[in-house]
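Welcome! Please take a moment with the sequence and the 3D view, and then read on for a short tour.

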Amino acid sequence: MSATSACRVCGGRVSQFADFGRQPLSDAFVLPGEIGQEFFYDLAAGLCESCTMVQLMAEVPRERMFHHDYPYLSAGSAVMRAHFMKLAKCLLVTELTGPDPFVVEIGCNDGTMLRVIADAGVRHLGVEPSGGVAERAREQGVRVRTDFFEAATAADILATDGPADVIYAANTLCHIPYIDSILTGVRTLLAPEGVFVFEDPYLADILERTSFDQIYDEHFFFFTATSVRAMARGAGLELVDVERLPVHGGEVRYTLARQGTRTPTPAVAELIAAEAVARVADLAVLRAFGARVAAIAEDLTSLLTRLRAEGRRVAGYGATAKSATVLNYCGIGPDLVPFVCDSTPAKQGRLTPGAHLPVVPPDAFSDPYPDYALLFAWNHAEEIMDKERAFREKGGKWILYVPEVRVV
Ligand code: JHZ
Ligand code: SAH
Ligand code: ZN
């Protein structure tokens, strides 16, 4: 009998479609002396047969993932910096036009988005539980509350700052299993005509690209317009706009408003119709995805094993959270990929979770160049391949595994 769990949105039955087994926390980079003390959990994904929300079968306690030493920095990609700058400027001219507008960002991280708002002199607050990254945001002039956003936090913010015209969350809402508390908080804090805007990896893109590495501890929910509309309605909100985004391997930006305050754009019905055609809420389609994942894992390990037998040198590029699923599910260790380059200071000098690839600064990449580079940060392919042009010019080759294993 296949495993089931209870939906964190509607309480319905969640049926499992993909199982990745025991996994370490994706952003828990370890010091060599800490091997053996790592936390592991069971990673599996399922579909709610009532509300269609795709979600993990079990959650990891939030304090284990998001704490003072959480290493990920939004500012690590120039493309993402430009993306958030554009979004902030757009909010400033479309939504934050009243006399004394107020914007709250859930999961503001290092302040990459909010610093643009702060520089414009607009009232704002970032809510960010990871103390180290929150401190970086403060250094940029951003006002931050080091806390988890939830119903109680929202009530508190309302009491001190008043209602928010915009509540924004990028790559954060999908990280929060206690979604009912978030939606209660949004309803409490949002101004009568305000909007709740969030963007997260899009399930339809994950299925189309078989980007199974988007599945890891931090990514609890995998949204679609269909599942988000149902979730919003259950919370007294309405999905009023959707926009597909190219970042992070394909995302959707959802705009929610209080019911009856805005007319949904045609894009909402169009995306929901496309999702019906793609059958994103069909267990058979999701199980077929699971089968493709197993084939990719097999192809990747055989390629790396062959390259090792041929004496080729392979380096990893980008110690992503996503890479934890790839490395640990495929069983790839430092014998196949001796190190991985990454620009994040807090990851360098440590080992990747579970698989224990040493993380080294990007300068090590050219010293000397490897024969092949396995691109774990495939979502930043253009930016990285452009920056590392000299690698290809000197005969180096990139290995990609999304949407299938290939050498370019
Ligand atoms: P990147 C994290 O996922 C975790 P990750 C989180 N759960 C999430 O949803 C997304 O972010 C938003 C490095 N790098 O963005 C920096 C270079 O070294 O794919 C990062 O460590 N050189 C919150 O970790 C990593 O690669 C470069 O030129 O999968 C990229 O991580 C660039 C561009 C990046 O997210
Ligand atoms: N918005 C940024 C950061 C994404 S990383 C970007 O898109 O690049 C996800 C962030 O969410 C982390 O910094 C984490 O600490 C934060 N987070 C996790 N749970 C949260 C919660 N309940 N409230 C606010 N932030 C949260
Ligand atoms: Zn459900």
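Predicted model: local features only at pLDDT ≥ 70, side-chain atom pairs only at ≥ 80, totals over all residues.

Residues are numbered from 1 along each chain as its sequence is written, chains are lettered from A and ligands numbered from 1 in the order in which they are written, and side-chain values use heavy atoms, with hydrogens and water left out.

**Around ligand 1**

- Ligand 1 has 24 residues around it, and E218, K322, D342, H380 and K387 come nearest; a residue counts as near if one of its heavy atoms lies within 4 Å.
- The side chain of E218 places an N or O atom 2.6 Å from a nitrogen atom of ligand 1, a polar contact being a pair of N or O atoms within 3.5 Å.
- On its own, ligand 1 has 720 Å² of accessible area, and the protein covers 96% of that (Shrake-Rupley method, 1.4 Å probe).
- By class, this shell holds twelve polar, seven charged and five nonpolar residues; Asp, Glu, Lys and Arg count as charged, Ala, Val, Leu, Ile, Met, Phe, Trp, Tyr, Cys and Pro as nonpolar, and the others, Gly among them, as polar.
- Helix α12 (residues 381-387) gives the most to the shell, with three residues; helices are DSSP runs (H or I) of at least four residues, numbered from the N terminus.

**Around ligand 2**

- Ligand 2 is surrounded by 20 residues, the closest being S74, E128, S130, F149 and N171.
- Oxygen atoms of ligand 2 lie 2.7 Å from a side-chain N or O atom of S130 and 2.8 Å from one of N171.
- From A170, a polar backbone atom sits 2.8 Å from a nitrogen atom of ligand 2.
- The protein covers 98% of the 570 Å² of accessible area that ligand 2 has on its own.
- Twelve nonpolar, six polar and two charged residues make up this shell.

**Nonpolar cores**

- The largest nonpolar core has 117 residues, and F198, F223, Y254, L300 and Y401 have the most contacts inside it.
- Such a core is a set of buried Ala, Val, Leu, Ile, Met, Phe, Trp, Tyr and Cys residues joined through side-chain atoms within 4.5 Å, where buried means under 20% relative accessible area (1.4 Å probe, protein chains only).
- Helix α10 (residues 283-309) supplies the largest share of this core, ten residues.
- A second, separate core has 27 residues, including L91, V116, V142 and V144.

Key
Polar contact = N/O pair within 3.5 Å; in protein donor to acceptor, adjacent residues only side chain to side chain. Helix = DSSP H or I, 4+ residues; strand = E, 2+ residues; numbered from the N terminus. Buried < 20%, exposed > 50% of the residue type's maximum accessible area, 1.4 Å probe, protein only.
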